[in-house]
Structure formats: structure tokens, C-alpha cells
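Take a look at the model below.

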Amino acid sequence: MTLWWARRDLRLADNPALLQAQADGPTAAAFAWTPALHLWSGRRRAHLARVLWSLREDTGGALAIRRGAAADVIAAAAREADAPVVWAAREHTPSGVREQDAVQRALHAEGRELRFVGSPYAIAPGRVLKTDGTPYQVFTPFSRAWREHGWRSPAGAADPQRFRPLDSDVDLDQQAAHGDTEDPLESRHEFRESQVVADLHSFVDSDLPRYAAERDRPDLDSTSHLSVPLAYGQLHPRTVLALTGQVRTDAARMFESEIAWREFHGDVLHHHPSAQRESLTPVMPEDAWATGREADASFLAWRRGETGFSLVDAGMRQLAATGILHNRVRMVTASFLVKDLHLPWQRGADHFRRSLLDYDHAQNQLNWQWVAGTGRDAAPFFRVFNPDVQADRFDPDRRYRQRWIPELDTPGYPMPMLDHRVEREVALAHLRQGKRPSKG
């Protein structure tokens, strides 16, 4: 018997690690409910619980969900299944690498082997390189090389009848109750892999033609909503690309470029693990960032959606209420934190980590660095989003803002907490200060 270690690939279709495990014979499956999950929001853990419930149903109840460090859980599961080999998809984030190294050591100590096949990317990080063997620093040439490299067609689906059950010790119903759905049992069908795939087809058939024109409009429902199932691995990006590749339109190519950004950020973090916390390109003196009580109060106003800038506030309230945030609004709220409030990008990234339902470590950290002007191929620091101009351009009828700010047109809505023009000049002054050569 073999063991499949379920990680960020919670699906039966197009799952190379699971298919390889089944090729070796009857297969047991285990997911480690690690202590790190308790750093997630209750909403995010609830969503994971529902995804796992769906996957366990699809495996005929065989998937084991167990508490503990991954090394302990997977070693114990392999022992119980008498599995000499454990198959898993390779992770490339710093925490994922540490985790799989620990599992590998634990299995090796018992004479077992951890083998990897596949990753959460169409092309695994580290494989798209320049002709001199070095990684790309800029997105556009990376995306061209990424397309030229190409990716495999989606793999087939695993056989639900070939699983052998292991016991679980995590009550998924209890974990699902931490979410924002009154009756999590009633909403389970929404989390099934089959429903996710159906939603993908619906997007390609119905909404993709409007994607290029409407993707920046938070008041319209024209995005794919695929970031959540991609984050949990209910879809592989190859599955998405195989479908969009059949569509010969500019909108399809633009949508694929967003997948390429996801792959680029995964590649950057693979080559520069320190980018999860450290700016790849410092743009201003470290002592220029706001600190102290006033900075904390500003951060709290931003987090609560009480800045007096309506698009920023609507976005932060949407995030708090749903765990979802439109990409255009993510950029505006992030720019406001870094360049109007002069707070370090890491504070915003940490809040998004705790709040986003579709949290992806490489995407989150490198997107924040993009806005802050500190990442690879980042927006230059002197590009400062004007939140009022952005609101007028991308929410022209105020529908998005009125939805999330009921008091928007009343005296109860606060006045702007700052003068954007003044703070923009402060940010640019910090940039000029950071570019001065140091003395001595």
C-alpha cells in the first residue's frame, strides 16, 4: 500500500502525486491539521474544513484528517498503512519546504521514502530560467519564456474505489461552524470539486469575454472567483489553462497573464525565500516608516474601514465581512497603507494573511512588495494611487461603495483622515531621501 500526503492539492482530478500513489497500488490518504492552521482566521479554517469534508466524501470516507505536526501525522499514517513510499506534491514556500524536509527525515528514520511529483503551479518554480541559467527579474520576459516552456496537459482523475481508509481525529463539522454560514451542512455542495469545475466552465463560457473590459470594476461580477479554489488546490492551474487555451481572444490571453503573475511570484519566492519578510529592493530609509501610537491608530482606522476614503473603506469592510477582496481594490488599499499612512508593507501583508479566504503566501507577499515598489518588477514607489480618482474610475455609480458603507451618504461617515496630496509628497520625499548616497 502507498500513502498520499494531501497538502495544497485537495482534489481527485489532475493530481499527479495522487495518481502516482494509486499507480503503485491501493492507497491511503492523510492530511495534517497542523498547529499553524490556528493562526488562520476562523472563516478560513471553516472553508478548509468544508473542502476537506468534500474531498473525504469523494474518497469514500477514506481521507484521514489528523491533528499534529506534519512529520508526526504522516509518519504515523505511513506506519499504519505499512506504506514504504509516501507521495506528495512539492511545495516551494519557505514554510512548505521546512515542513516537507521534516516529513522526509521522519520517514527516512523508519526506512520509508517521501517522493515528490507535481506542484501547485503549471510550471514548477525554478524551471523557467534565462539562457544563462539565472532566474528572471522582470515579469514580461518571464511570461514569454513561461509560455514558450509550456506545460503538460491535465492528468486524469484518481479512482475513488482504490482508497483504503484511515481514522481521523478532527471534527470537520466543528471546524466548519467557525465560519460565517449559519448552517455549514446546507452549503457543503458549494465546496465540492465537481461544483468548482462547473464554475470554471461557466466563467469561461459566460464571463471570460467581458474579463478584459470589466476585470477592474469591483461593482461588477466579472472576475473568475477562481483564486479561492486555486489556493486550496481544488483546481490545478493546468486545468484552467487547458480550458482558456481553447479560446482565441485577447480576454483569454489577459486572463492567462494573471495566472502567469501567480507563477512569477511563486518563482521569485522560490529563488528569494527572504522576500516573505524582507524588501527585495529597499526604497526608503527604514526610520522613515511611521511608528508609535499614531501609526497604530492609523493602522486600526485602515483595518476597520474608517479612513474617510470610500473605496479604501469599502474594500476593508468587504474583507472583514467576507474574506474576499477585489484585486483592483487590493491595490488601492495597499497603496493607501504604504504611501498615505507610511506604514511598512509587512503590516498590511500580515493583516491580509489573517483575513483573506484565498490567501496564497507567494502571491500575498509579492503583491504587497509590488505595490510598495520593493519587489521584482514592482510598480515604482513614485506611483501612488489616488483613492478618490480610483473610486470614480472603477466604481462610477458608487454601487460597490454603497453596498459596503451603508452610512456613506450620511453625516455619520467620517471625513478623510488625511490630505492625500500632502501625504503623496511626503512619500516622494522619503523616496528621494532613500536614493541619496550614504555619507562615509
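This is a predicted model. Begin with the second largest cavity, which holds about 50 Å³ of space. Its lining is made up of Asp 9, Arg 11, Asn 15, Pro 16, Ala 17, Ala 89, Val 117, Gly 118, Ser 119, His 236 and Arg 238. By class, that lining has 4 nonpolar, 4 polar and 3 charged residues.

Now move to the largest cavity. Its space comes to about 70 Å³. It is lined by 14 residues, and Arg 8, Asp 9, Arg 11, Ser 119 and Pro 120 are the closest to its centre. Here the lining has 6 charged, 5 nonpolar and 3 polar residues. In total, the model has 3 cavities of 30 Å³ or more.

Next come the annotated positions. An unreviewed UniProt entry lists a "binding site" that includes Tyr 211, Ser 224, Leu 226, Phe 255, Tyr 359 and Asp 360. From this set, Tyr 359 and Asp 360 belong to the lining of the second largest pocket.

Where does Phe 255 lie? It lies in helix H10, which spans residues 250-271. Its relative accessible area is 5%, so Phe 255 counts as buried. Among the residues that Phe 255 touches are Tyr 211, Ser 224 and Leu 226. Phe 203, Leu 208, Val 240 and Thr 244 are also among its contacts.

Tyr 359 sits in the loop between helix H14 (345-355) and helix H15 (361-372). Is Tyr 359 buried or exposed? It is buried, because its relative accessible area of 10% is under 20%. Its contacts include Arg 44, Ala 231, Phe 352 and Arg 353. Tyr 359 also touches Asn 364 and Gln 365.

Methods:
Residues numbered from 1 in each chain as written. Predicted model: local features only at pLDDT ≥ 70, side-chain atom pairs only at ≥ 80, totals over all residues. Heavy atoms only, no water. 1 Å grid on protein atoms, 1.4 Å probe; cavity = no way out; pocket = protein on both sides within 12 Å on 5 of 7 lines; lining within 4 Å. Points joined across faces, edges and corners; volume = space filled by probe spheres on them. Nonpolar A, V, L, I, M, F, W, Y, C, P; charged D, E, K, R; others polar. UniProt positions renumbered as here; feature names shortened; annotations may be inferred. Helix = DSSP H or I, 4+ residues; strand = E, 2+ residues; numbered from the N terminus. Buried < 20%, exposed > 50% of the residue type's maximum accessible area, 1.4 Å probe, protein only. Contact = heavy atoms within 4.5 Å. Lists of a residue's contacts leave out its neighbours within four places in sequence.
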